[in-house]
Each structure stands twice: as structure tokens, then as C-alpha cells.
Amino acid sequence: MRTPRWISQHLAAVRALLLFTVLLGLLYPLAITGVARIPGLRDHANGSLIEVNGQPVGSSLIGQSFTDADGNPVPRYFQSRPSASGYDPDATAASNLGPESIEDTLGDPALDPDSADGDGSKQALLTQVCARSKAVGELEGVDGSRPYCTADGVGAVLRVFRTDGLTGKVTRAVSVNQACPATPFIATYEGVTVECGRFGEDYRKGVLVPVRGSAPERSAVPADAVTASGSSLDPHISVDYANLQAKRVATIRGVPLDRVNALIDEHTDGRALGFMGEPAVNVLTLNLALDRMQ
Amino acid sequence: MSTTTAGAIFVLSLIAALAVAYRYLGDYMFRVVDGERHSRVERGVYRVLGVDPGAEQSWGVYARSVLAFSLISILGLFAFLRLQDLIFKVPDFATPINERVFPHLAWNTAVSFVTNTNWQAYSGEAAMTHFVQMAGLAVQNFVSAAVGIAVAVALVRGFARRKSEQLGNFWVDLTRITLRILLPLAVVAAVVLVAGGVVQNLTDGTTLSTLTGAQQHITGGPVASQEAIKELGTNGGGFYNVNSAHPFENPTAWTDWLEVFLLLVIPFSLPRVFGRMVKDNRQGYAILAVMGIIAVASIVLTNVFELGHAGTVPQALGAALEGKDVRFGVSNSATFAAATTLTSTGAVNSFHDSYTALGGMMPIVNMMLGEVAPGGVGSGLYGMLVIAVITVFVAGLMVGRTPEYIGKKIGAREIKFASMYFLITPALVLIGVAAAMATGNWQTQANVGPHGFSEVVYAFTSAANNNGSAFAGITVNTPWWDTALGLAMLLGRFLPLIFVLGLAGSLARQKAVPASAGTLPTHRPLFVGMVVGVVVILVALTFLPALALGPLAEGL
């Protein structure tokens, strides 16, 4: 008896899946793994590990945090970019916050922000950027101000209420990211006194108005210093950010600035073939070179 | 050199490399799918499969073979995903499978990889063992790509053949495309990627103490072998959660260039196969021109929007750098984002959710174009040929003549198949978005306002078009989202595929119509322009309201 067509097709499908699984799912990756054992490829295949005194201390491709146990920057090291995963390769993630993520969720003042569950507050991307910019500015001794940021390091954003919703006279203005009792970053908006933000109040009827302020267009703190990378493991910082940190590192380590600058040059990966990507400074290898120097 | 100049050279060098590949890879692929001879290995494969390589199939049998293979693949992968902890469990996850890979997630992932979507509702490093990644997921990277190319070739045979019921043999096409095209290219690409720094091992990696004394777990895995076919087969499912942004998947600026090249090279070379098979290379060039014009326009626009960094946060930053890695920079990230959505790849080297409003709209628009410029491997060519059929139909209506394309009459039956093909994806996207909004499931979005709506639109557009990239802030690993997007992927892949094969069958049956004075030449710039117009206008009419509520509301 012949097998019916519809059954024979499914039998062929089962055999095909099994055969291709052996060929493409076992032989192919194992062959590549075998080829990757040859010297020259082997170190790459194992994760480009860097060893110091026989102990691995990191991968030249994977960024690290150079912070202490409390999360504060260790000043003798060049600092990496912010990371949405805290440089944890087991939990890579990006922030995924959008370009108009500008309104924070304020915390409940009745709850302890340092408790396990926190106080329910959530920073919008703008406030994260402003806070990081302020912190980096203070660490490096430069002006960390940016457009759309308040002096206290949150997003300069108002909810403006008008008589006819979107139009008409302003009746009320709230600086939504500045929780009371903070002093709003501007006193008045179109003649109306600006209030600080109160937890639990529904401001959604107001129109969101980010306020640019007078900060220069180009901040002294480079953009990569205040943004989380896509990989959350970015091993690089921009040349600008490295140059900004050079003075601090040189001072703390008591080495001439020229030596530090020379090391930055040495650990800068230029554009591949002169046009691919952007020049980037490898933070881990740079810091290791500094340690080795002393 | 300025970022803009370097970014422009990056794109131009890709175009040059693709132009070379068009001729050589295109001719090679033509010989593979058009040849008569079977190698000894292939004859062995056919013996194991129990198929007769000489027996050709009608469109119905061809379609049923595709569906049978895909159904078995989904079932097999689902079982594998759920049973992965039983064998070779590296890494040794502490979380049990029932809390790691839920049934709804296994369904979503199985459908996702079999349909060449590679939408990922899981995080690779936290959910999947090395074994299931390489022997389950990566196998589908090969064969789902081969299925796409096979169906495209079957459609082209429909144009090329006269008075025939036969479209070829699916099992032969599947085997040859896998063994002679995908596998050799993947082997070369994988080794080159290892040389660039992509990891390739079967270990759990290394746990080490960093310079400041913290613990860091440097992950391992057979990444290079998966990365190569992930790009080459326009799959896009990353070994790790952050996909091609991860330094172990994409370590340098030149591996980035290579990955963009790999994901574009087969889709852009397939029009050559079309031209060769219908014995008129000019027809291939015309289709290539349509793809090229749309692709270049999209890449340029994405770059303009991203480098222009409009919007509150990008203005505060002075550069749209959130979600982007320094070694790629803004321009190469934008180019990758455009390329991955112009094809059906969906791999990302930066996070589209954090793009400027209009820069983030471009990936959505690219997918809404139906991923035809150049589209996924195979699916791009068959999608574009369907649009070409619709174009000659529209042109025929204008002058009151029965339309023809490549010597075949486009009658009622053909245009019905073409219209059904075109309508299915927008219907899935818009119904899906409406369902998410109506049922409250949109509330898993990470951003608020128009951007949150964009996350929902992106999710269904990506699933229905089998892309797989995301505005990734939204949480989609819930029973509702996994099920709904799984259905969108399944229907978005196989319904169009059946209509394409139906169209192929009815074209193959026809005799050739000799070209006359009234025939619209389909290799001239006029026709190229018309096809571009049809693509853009059809999409604008379908999706403008949805875009107006999302990215346009945010960016204008």
C-alpha cells in the first residue's frame, strides 16, 4: 500500500528537519568552533580576555564600571559611560526611553526612597541626562549645564494649564520634575507664578512645555558621558570624554598630563579604514595602562 | 573627516560592494536554482528525505510541502525550547524552564524563528542554553531563509515557464539553497567574524574580578556561527538580548560594515536571478533600481533625522546618542537601522526606541513598505514582483488594455492573488494595533503619549512583516502579546506565501503573450518610477493615520 501524499510530505518534513539539525545545528557550529581554536583566533573566540598576573581582569571588548561599592566613581580611573545594566553581561539592556521622555514620576514622600521597593519615583530620560551631566561636571570641575536642564539637575519641564486647554490665557504652571519643596527653575511663566511638583496630583490636563534655558548648545560634558549605550557594555568613550577626564586622573595619580594624553592616543581605536564608525577610546585597556605605568 | 563624510563613504562603499556581488553572487545563485545536476551529497539528502528530486510539483503541492516543513519545524522547535534543560545545559540557569521559557513564550519564539521574523520576547543570555540556540534557533535561521528564496524562485519560474503546471521541487530547492548558497557563505562569514572578535565557544564563559573588585561574568557561546547566518539569512535573532549592539556579536566598526553587507547581499542579488531566469537581464536591473532608489532614500533620510537630533532630549544632548554605542556612532547606527528594516532582518546595533521621533519613524515606514527594498531573502523579491504586477495592472487600467508583465497576462485571477497578498499585512497590523488598544494590553508600553503608541504600532508592524526589530521598551512577554504577535507572524508569513505560489501557478499555466506596440516596457525608467510610486502611495494611504498618531505627532 502506498503512503498517502499528505502523510509522506510530513514524513519528508520530519526527516528534513532532523537532517538539517544535525548538519546545520551540530556539524556547522562545531566545525566553526574547531576552526576558532587555531592560534590567532582562539583568544577572540574565548572573549578577548585580558590577564594581569595570570588572573583575568576583564575583556577588551566588554566595558566595566570603575566605581566603588556605593556606585561612586573611583577618581583614579577613567569612567565608562552610563549603562542600563550596570555592565552586567548576564542582563544586557538599553534604556529604550524615547526623545520626548521628559516628565518624571515623583516619589511618594511618605515612603523611603532607599527602601527595597523605593518610593515609586521614576526618572524620565531628560532628568537622567541632566543629573548625570551635573554629576560629571562636578567631578571634572567643569560646567555641567545643558539645554532643557535645571541647575539642580532635573529636566526643566512645565505643565502649563490654559483657559481653553491648548490655547488661551495661562492659568497655572507647574515645574513637574521639581518635587516640593524645591524652588522652581523659573519664578513665573507668562505672568503666572510657577509651582513646584506635588506627588499624586494629576497634571495631565496641562500642556508639557520643556524650557530650553540659557545653557550653551554644546555642553562641556560630552553626550556619550550622559547617555546609556545600546549594548549596556560599551567598552569605549569618545575622545572628548577621555580628554575631559585626563586632568582629574593625572592630578590624582600625580603623573604629568602629557603622559596621560599620550596613553589616551595609544588606546584610541580610530575609524576602521578611515571611514567606518567613530574614533573611540577603550576605557579598560587605558586604565590598565595607567596602572601598569605606576 | 567629519561624521557626515565618513557616514556617506560607509554607505557608498556598501553600494559598491553590493554592485559587485549583484553580478557574481546573482549568477551563482541562478546556476544553483536553475541547474539540473545533483551532487552526491544532495542525492544522499534526497534519499534520506525519501523524495524524488526529478519529480516537479504543482503550485498546490509546492505550497503544501512548504507548509508541512514549516509546521513540523514549529512543533519541533516548540518542543526543543521547552525541553532544552534536559541535555547539555550550558549555561546552567538557576531558574527552572517553567519560569524561564513559558509555553506562550515558546510558541512565540518557535513561530518567530520559523517565519524568519526572529522577534524576541526573551533575553538570550538569561533564557536560552547554548544548545537550543545553535541546534534549534540557528537551524531555523538557515532553513527559514531557504524557504523564502525557494518561494521567490518558484514565483520566477511561474513567469519563466510556458503552459506548465510545474513550479519545481520544494525539497530540491530547499536543499540546494541551504547547502550551496547559505552554508558556504555562512562558514566564511563566521570565521571572519571570529577574527574580528566575535566569540565562538561552548563554555559558560569566565567569571572574573574587575579592576575595582566587582564580579563580572564574561559570557560564552557559539555566537559567531549564529551571527553569520543571522545577518545573511535576514533573520535578526540575536544570541544576546542587545543583539548586534553587543560587543561579542559586533565588536568593531568593520564587523558592523560586514554585518550590514551580509544582511543586504542576498536580497539585492536576487533580482539578478530573476533577470537570468526570465532571460532578460534588463528586467532584473529594473527591479534592482526600484529597490535601490527606495533603499538609498530611506538610508539618507534616517541619517538626516538622526544627525539632525531634533527633539527635547537629543537637543539637550547635542547628539542623538542614547541607545547607541560609541564605536558605531550616530551615522553608522542610523544606516544599520534603515538596512535592517528595509530587509526583514530586524537585528539592531542601536536601540530604535531612543531614536529621534522621525528617525525612529523610518524603520516603521521601511517595514510598512512591505519590506521590498530589498526585503528579506526571497520574500523581498516576491513582494516586489507582486507590487510590479499591481503596477502593470494600474497602468493597464489607465489605458484600457489587458496588462502584461514578462510576457504573461495579468488577468482577474492574477490580480486577485496580488491584491490578497498586498492586503494581508496591513490588515494584520491595523487589526492587531486596534486590539491591543481596545483590550488594554497597550499598557505594557515603557514610554507614554505618542511614543508609547509608536511602540504598539512598531510591534505589530514588525511581527506582521516578519522583521523582528522593536521599539523594545514595551513588555511583550505576556500571554496576550506572545499569542497575538505569534499569530501576526504566522499569518503574515504563510498567507502571503500561499498567494504568491497561487500567482506563480496561474502564471506558469499561461502561454507567452508576444510583446506588441501597446505593451508597457517594464525595463525602462518610466516603469521603475511607477513601481516606486505605487509602493509609496499604497503605503501612505494605508498607514498615514497610524503614523500621524505616533511618530508624526511626536516629531512635528
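Me: H7(B) passes H8(B) in what kind of crossing, left-handed or right-handed?
Reply: H7(B) crosses H8(B) in a right-handed way. A crossing is left-handed if the near helix is turned anticlockwise from the far one by less than a right angle, and right-handed if clockwise. Bear in mind that this is a predicted model: local features need pLDDT of at least 70, side-chain atom pairs count only at pLDDT 80 or more, and totals for chains, interfaces and linings use all residues. Residues are numbered from 1 along each chain as its sequence is written, while chains are lettered from A and ligands numbered from 1 in the order in which they are written.

Me: Which residues make that contact between H7(B) and H8(B)?
Reply: H7(B) brings Phe142(B), Val143(B), Ala145(B), Ala146(B), Val147(B), Ile149(B), Ala150(B) and Val153(B). From H8(B) come Phe170(B), Asp173(B), Leu174(B), Ile177(B), Thr178(B) and Leu182(B). Contact here is C-beta atoms, placed from the backbone, within 7 Å.

Me: Next pair. How do H11(B) and H19(B) pack?
Reply: H11(B), residues 281–308, and H19(B), residues 525–549, pack at about 50° with axes 9 Å apart. So H11(B) is oblique to H19(B). Their crossing is right-handed. H11(B) uses Ala286(B), Ala289(B), Val290(B), Ile293(B) and Ile294(B). H19(B) uses Phe527(B), Val528(B), Val531(B), Val532(B) and Val535(B). That contact has 10 nonpolar residues, no polar and no charged.

Me: Over to chain A. What's the strand order in the open sheet?
Reply: E8-E10-E9 in chain A, 3 strands with antiparallel pairing. Strands pair if DSSP finds at least two bridges between them. E8 (236–237) and E9 (268–269) of chain A each have a single partner strand, so one side of each lacks a neighbour in the sheet.

Me: How many bridges join E8(A) to E10(A)?
Reply: 2 bridges, and E10(A) spans residues 280–282. His236(A) sits opposite Asn282(A). Helix H6 of chain A, residues 283–293, lies across E8 and E10, at about 50° to E10(A).

Me: How many residues of chain A are in contact with chain B?
Reply: 94 residues of chain A, against 101 of chain B. On the chain A side, H1(A) gives the most, with 21 residues. That side divides into 51 nonpolar, 31 polar and 12 charged.

Me: Where are the cis peptide bonds in chain B?
Reply: One joins Val90(B) and Pro91(B), with omega about -10°. Another runs from Ala373(B) to Pro374(B), with omega near 5°. Pro91(B) is in the loop between H3 (59–83) and H4 (97–100) of chain B. Pro374(B) is in the loop between H14 and H15 (379–399) of chain B. Most peptide bonds are trans.

Me: What about phi at Asn96(A) and Asn116(B)?
Reply: Both are positive: near 60° for Asn96(A) and near 65° for Asn116(B). Most residues other than glycine have a negative phi.

Me: Is Asn116(B) buried or exposed?
Reply: Asn116(B) is buried, with 31 other C-beta atoms within 10 Å. Buried means 20 or more other C-beta atoms within 10 Å of its own, exposed 12 or fewer, partly exposed in between, with C-beta atoms placed from the backbone. Asn96(A) is buried too, with 24.

Me: Last one. Where does Thr345(B) lie?
Reply: In the loop between H13 (329–342) and H14 (357–368) of chain B. Thr345(B) is buried, with 34 other C-beta atoms within 10 Å.

How values were computed:
Helix = DSSP H or I, 4+ residues; strand = E, 2+ residues; numbered from the N terminus. Contact = placed C-beta atoms within 7 Å. Axes fitted to C-alpha atoms, helices over the stretch in contact; angles between N-to-C directions. Parallel < 35°, antiparallel > 145°, perpendicular 65-115°, else oblique. Nonpolar A, V, L, I, M, F, W, Y, C, P; charged D, E, K, R; others polar.
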